[in-house]
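Please look first at the sequence and the structure shown here.

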Amino acid sequence: MISAIYESRNILKLFIFPFMVFVVNYAFVFLGVYDLLNNLGMMMHFLGGISAGYSFFLVLSYFESEYSLKLNRFFTILFVTSLVAFIAVLWEFYEFAVDYFFGTNWQASLGDTMLDLLLGIVGGLFIVLFLWGVNMFEYGFGKIVNRRQCFLARLIISNFYAVEFFKMHNCFQH
């Protein structure tokens, strides 16, 4: 199910997408982009949830293929979304620590923190539902659904590791 790039020694490469979001976040902080675009922080929390959910979904797929781990749809969605929620909470603790020790204002209010958590979790839930849907053709949904979903996947996910995900699902053979 997972191609050679996802061998155990390369599993950390699956987390390049969240790392890129982290780097872009700091570039935006230092360049003052957040001061220019007020809603960019909300979009970045949503994108952070998507990136974490994407990586956790692929890691779970790796463990399913390598260790015969089988989770049904509900537990796959619950597990990945729970991991994303955990990462979102850790990120908010990090923001709190930066505010506390450096006197910044990354957490403007409790409402802002709750919205950030919600957007991260919704982003993770969105991507796990989407990727699970792309993965469903293996269980008998046929090639028409596969073509449609792979086309949407090409439009939505802009990560170079997504190419490997699409290759393993035969999205480029249509």
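Phe 22 has a relative accessible area of 35%, so this residue counts as partly exposed; buried means under 20% relative accessible area, exposed over 50%, and partly exposed in between, with a 1.4 Å probe and protein chains only. The model is predicted, so local features need pLDDT of at least 70 and side-chain atom pairs count only at pLDDT 80 or more, while totals for chains, interfaces and linings use all residues. Residues are numbered from 1 along each chain as its sequence is written, and side-chain values use heavy atoms, with hydrogens and water left out.

Consider next the chain that holds this residue. The chain has seven helices and zero strands; helices (H or I, at least four residues) and strands (E, at least two) are DSSP runs, numbered from the N terminus. Of its 174 residues, 42% count as buried. Contacts are heavy atoms within 4.5 Å, and among those in the chain with a separation of 6 or more, 71% come from residues 24 or more positions apart. The chain exposes about 10,200 Å², of which carbon and sulfur atoms supply 70%; accessible areas come from the Shrake-Rupley method with a 1.4 Å probe, and for residues only the protein chains shown count as cover.

Helix α1 covers residues 16-31. Its 16 residues reach 22 Å from the first C-alpha to the last, close to the 22 Å expected at 1.5 Å a residue; the expected span is 1.5 Å times one less than the number of residues. Phe 17, Val 21, Asn 25 and Tyr 26 are buried in this helix, and what covers the buried residues of α1 includes α2 (33-36), α3 (40-67) and α4 (73-102). Gly 32 follows α1 and has a positive phi, near 75°.

Where does Ser 51 lie? Ser 51 is found in helix α3, and because its relative accessibility is 2%, it counts as buried. Leaving aside residues up to four places away in sequence, Ser 51 touches Phe 17, Pro 18 and Val 21. The side chain of Ser 51 also reaches the backbone oxygen of Gly 48 at 2.9 Å.

The aromatic residues come next. The structure holds 14 aromatic pairs; rings of Phe, Tyr and Trp (its six-membered ring) pair if their centres lie within 6.5 Å, and planes under 30 degrees apart count as stacked, over 60 as edge-to-face and the rest as tilted. The rings of Phe 17 and Tyr 54 have centres 5.7 Å apart and planes at 80°, which is why the pair is edge-to-face. Because Phe 17 lies in helix α1 and Tyr 54 in helix α3, this pair ties together parts that are 37 residues apart in sequence. Both Phe 17 and Tyr 54 are buried.

Phe 22 and Trp 91 form another edge-to-face pair, at 5.7 Å centre to centre and 85° between the planes. This pair links distant parts of the chain, with Phe 22 in helix α1 and Trp 91 in helix α4, 69 residues apart. Trp 91 is partly exposed, with a relative accessible area of 23%. One aromatic cluster is formed by Phe 22, Tyr 26, Phe 30, Trp 91, Tyr 94 and Trp 106.

Finally, helix α4 has 30 residues and reaches 43 Å from its first C-alpha to its last, close to the 44 Å expected at 1.5 Å a residue. Its buried residues include Thr 76, Val 84, Glu 92 and Asp 99. Just after α4, Gly 103 takes a positive phi of about 70°.

How values were computed. Polar contact = N/O pair within 3.5 Å; in protein donor to acceptor, adjacent residues only side chain to side chain.
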